[in-house]
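Work through the exercises below with the sequence and the coordinates open, and try each task before reading its solution.

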Amino acid sequence: MVNDPIHQFRIHPILGPWNVFGQEIAFTNSNLFMGIIVLVVVGFLLLASSKKALVPGRLQSVGEMWYSLVHNMVENVLGHDGAPFFPLVFALFSFVLVANMLGMFPYFFTVTSHVIVTASLAVFVVGLVVVVGIYKHGLGWFKLFVPSGVPLAILPLISLIEFISFLSRPISLGLRLFGNMLAGHIVLKVFAGFVVSLVALGIGGAIGSIAPLFMAVALTALEFLVAFLQAFVFAILTCVYLNDALHTHH
Amino acid sequence: MDANAAKLIGAGIACIGMGGAGIGVGLIFGNFLSGALRNPAAAGAQFTNALIGAALAEGLGIFSLVVALLLLFVK
């Protein structure tokens, strides 16, 4: 059924599927859009930085804003030692932003509305935090779970809570992006569905369908805001978590 | 009550948790706004912190949505 709101998230193979060592592997629409995202990001930034004018044109200003937004974020949260992580945060931000924005076009597939994509990114980020923390501070990094200045009596409880909250980070980081994208696109589709089913009722329904139509337009604007905000939040939470790995004393 | 009905009711109850997240996000932005109106000069630097707080509060609401989705779609 085409009208059900979940249909837009269907993954279907474009090429294949091929049978590789007993696993079915296919080039799906999700893979296609991930490729398009990378092409859009790289192509846009190459185009924006091709002129290198002293007084930037429109395209170059957008490129510079994009770059300096992430650069300021990394500078503010991570400080000067965060510079090696700037490319990572920039890549994550760009991928998530363009994935969210491309998903707003009709009939386009939203890569970030699949929990496997967002959870992979989140698990990678938190795994990196553990690796960098142990590489920088050795076993002293585990002091992260033992806050200073806490009475000895409740320290085990606090450590347990800190540990659980650390373990819930990859879950919440991945699910936040996934949940926002999934819920937003379902809501858009549901309101668009109201319009279609009201118009089908006849002339009275057609007049009544104006309200959900305006709602759908307003929600589209809101979804563009959410698409940007979630990419920003994903990048800034990556910085905040990396900060735990770089500076343990807090 | 058959098992499927109980699942649907459970999914609906799970979504009540999103209300808590809504209260949390509203408190954060409301307090940010009242602080920003008192001292507009300091507001710009703290907007990022407001976003982080809102994202963390919202994440807990998303958990309840995911519980609802798991109840509905995981067989």
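**Exercise 1: the interface between the chains**

In this predicted model, 11 residues of chain A are in contact with 10 residues of chain B, where contact requires C-beta atoms, placed from the backbone, to lie within 7 Å. The model is predicted, and local features need pLDDT of at least 70, side-chain atom pairs count only at pLDDT 80 or more, and totals for chains, interfaces and linings use all residues. Residues are numbered from 1 along each chain as its sequence is written, while chains are lettered from A and ligands numbered from 1 in the order in which they are written.

Task: state which elements give two or more residues to the side of chain A that touches chain B, and its make-up by class.

Solution: The elements are α5 (155–199) and α7 of chain A, helices being DSSP runs of H or I with at least four residues, strands runs of E with at least two, both numbered from the N terminus. By class, this side of chain A has seven nonpolar, three polar and one charged residues; Ala, Val, Leu, Ile, Met, Phe, Trp, Tyr, Cys and Pro count as nonpolar, Asp, Glu, Lys and Arg as charged, and the others, Gly among them, as polar.

**Exercise 2: a helix pair across the interface**

Task: describe how α7 of chain A and α3 of chain B pack, and which residues meet.

Solution: Begin with the geometry: helix α7 (residues 210–246) of chain A packs on helix α3 (residues 40–73) of chain B at an angle of about 95°, with the axes 10 Å apart. Axes here are lines fitted to C-alpha atoms over the stretch in contact, and angles run from 0 to 180 degrees between N-to-C directions. This makes α7(A) roughly perpendicular to α3(B), a label that covers 65 to 115 degrees.

Next, take the residues: Phe232(A), Val233(A), Ile236(A), Leu237(A) and Val240(A) from α7(A) meet Thr48(B), Leu51(B), Ile52(B) and Ala55(B) from α3(B). Sorted by class, the residues of this contact are eight nonpolar, one polar and no charged.

**Exercise 3: the form of chain B**

Task: how does the radius of gyration of chain B stand against that of a compact globule?

Solution: Reading along the sequence gives the pattern α-α-α, with three helices and zero strands. A compact globule of 75 residues would have a radius of gyration near 11 Å, whereas chain B has 17 Å; the radius is taken over C-alpha atoms, and the globule rule is 2.2 Å times the number of residues to the power 0.38. Along its principal axes, the C-alpha trace of chain B spans about 60 × 15 × 10 Å.

Methods: Parallel < 35°, antiparallel > 145°, perpendicular 65-115°, else oblique. Contact = placed C-beta atoms within 7 Å.
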